[in-house]
Amino acid sequence: MWGDKALSLIKELERSQDTIPPFDDDTVRLIVEEMRILNQFVEEAMNSPFDPVRNNFITGVRARQAALERNKRCLLAYQWNRLQKLRQMRWEFGSVLPPDLKTHLSEGEVTWFNKYNKCLTSYMKSIGGKNGLNLLQDSKPPKELFIEVRCLTNYGKIELENGEVIMLNKNSQHYMPRSQCETLIRQGVLEQIL
């Protein structure tokens with residue numbers, strides 16, 4: 001039936017509320033092919049001479065046109081929701097997406113993410129003086145300027161703003177400025193000790 005594939009695409013997206021499912025390229029191609037066939041029928045019907053006795057195809061044209069519009073809306077909703085989740089993940093993870101998430105994206109989505117990243121970086125540099133303003137920093141109002149953190153992975157050396165170099169080894173604990181470690185906390189390198 002027309003529109004079943006488009007509906008399954010939307011249902012798949014709805015089932016995975018928290019993550020981005022792998023881009024379903026095969027189903028999208030099938031929907032586009034179905035739309036091409038429906039459009040071809042509509043064009044042929046509209047270009048043929050109308051005779052109410054021999055070819056009453058108005059009902060068929062309306063049904064196919066409605067199916068075409070539904071498929072188009074479903075494809076646009078699928079892509080829009082994926083881009084909204086991708087935008088949200090940019091604010092959560094920063095400019096670098098986790099590798100396992102990047103494999104779920106289409107080539108166009110990776111390009112969109114990179115362009116969105118550049119626009120956001122450009123905007124942050126344009127406001128807030130000569131160094132810009134990091135909008136990702138202090139997403140929640142800080143209660144303290146320094147926090148105690150535990151390293152979850154062997155990350156290596158990190159240089160703080162005051163010039164101090166800290167070695168981030170797995171399970172090591174550090175007392176660091178919140179502004180320096182908030183990005184690493186979002187990336188899963190550090191966790192705050194409460």
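The model is predicted, so local features need pLDDT of at least 70, side-chain atom pairs count only at pLDDT 80 or more, and totals for chains, interfaces and linings use all residues. Residues are numbered from 1 along each chain as its sequence is written, and side-chain values use heavy atoms, with hydrogens and water left out.

I'll start with H1. Helices here are DSSP runs of H or I with at least four residues, strands are runs of E with at least two, and both are numbered from the N terminus.

Which residues of H1 are buried? They are Ala6, Leu9, Glu12 and Leu13. Buried means under 20% relative accessible area, exposed means over 50%, and partly exposed is in between, with a 1.4 Å probe and protein chains only. Seen down the axis of H1, the buried residues fall within an arc of 120 degrees, so they line one face of the helix; the arc is taken over the directions from the helix axis to the C-beta atoms. On the other side of H1, Glu14 and Arg15 are exposed.

The cover over the buried residues includes helix H2 (25–47) and helix H3 (58–93). The axes of H1 and H2 come within 9 Å and cross at roughly 150 degrees. Those axes are lines fitted to C-alpha atoms over the stretch in contact, with angles from 0 to 180 degrees between N-to-C directions. H1 is therefore roughly antiparallel to H2, a label for angles over 145 degrees. From H1, the contact uses Lys5, Ala6, Ser8 and Leu9; from H2, Thr27, Val28, Leu30, Ile31 and Glu34. Contact means heavy atoms within 4.5 Å.

Now the loops. Thr153 sits between strand S1 (146–151) and strand S2 (156–159). Its relative accessibility is 35%, so Thr153 counts as partly exposed. Leaving out residues up to four places away in sequence, Thr153 touches Leu168, Asn169, Lys170 and Val189.

Asn171 is in the loop between strand S3 (165–168) and strand S4 (173–177). Asn171 has a positive phi of about 70 degrees, although it is not a glycine. At 54% relative accessibility, Asn171 counts as exposed.

Key: Parallel < 35°, antiparallel > 145°, perpendicular 65-115°, else oblique.
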